[in-house]
Amino acid sequence: MKPRIHPDSRLVVFRDRAADTAFLTRSTADSSRTIEWEDGNTYPLVDVEVSSASHPFYTGRTRVLDSAGRVERFERRYGRSATARG
């Protein structure tokens with residue numbers, strides 16, 4: 001690797017709000033918020049919406065999607081002619 005062209009990698013805590021879990025890992029992400037980790041050290045904190053702890057692919061929990069409602073909403077919004085063109 002070339003020197004001085006890569007961002008600094010450091011330990012960062014990623015907190016998944018949906019699953020109420022946190023992960024300590026190396027990252028280049030920057031944050032002004034900090035958290036005290038289990039080892040007593042303070043690390044930058046990055047909140048995420050979805051991680052492997054809450055994503056349906058990894059958890060095996062699927063979400064039920066209302067596909068009929070989506071089609072009806074599309075037709076209301078754009079009209080029947082938009083579906084006939086496609």
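**Close-up views of a predicted model**

**View 1. Serine S27 is part of strand β2.** Helices (H or I, at least four residues) and strands (E, at least two) are DSSP runs, numbered from the N terminus. S27 counts as buried because its relative accessibility is 15%, where buried means under 20% relative accessible area (1.4 Å probe, protein chains only). The side chain of S27 reaches the backbone nitrogen of A29 at 2.9 Å. Apart from neighbours within four places in sequence, S27 is in contact (heavy atoms within 4.5 Å) with D8, S9, R10, V12 and F14.

This is a predicted model, in which local features need pLDDT of at least 70 and side-chain atom pairs count only at pLDDT 80 or more, while totals for chains, interfaces and linings use all residues. Residues are numbered from 1 along each chain as its sequence is written, and side-chain values use heavy atoms, with hydrogens and water left out.

**View 2. An open sheet is formed by four strands.** The order is β2-β1-β4-β3, with mixed pairing; two strands pair if DSSP finds at least two bridges between them. β2 (21–27) and β3 (34–36) are the edge strands, each pairing on one side only.

**View 3. Strands β1 and β4 run parallel.** Four bridges join β1 (residues 10–16) to β4 (residues 42–48). F14 stands opposite V46 in β4.

**View 4. Confidence in the chain is highest in β3 and lowest in helix α1.** The pLDDT, the predictor's confidence in each residue from 0 to 100, has a mean of 95 in β3 and 57 in α1 (residues 56–59). The chain averages 80, and 73% of the residues score at least 70.

Conventions
Buried means under 20% relative accessible area, exposed over 50%, partly exposed in between (1.4 Å probe, protein chains only). A polar contact is a pair of N or O atoms within 3.5 Å; within protein, one must be able to donate a hydrogen and the other to accept it, and residues adjacent in sequence count only if both atoms are side-chain atoms.
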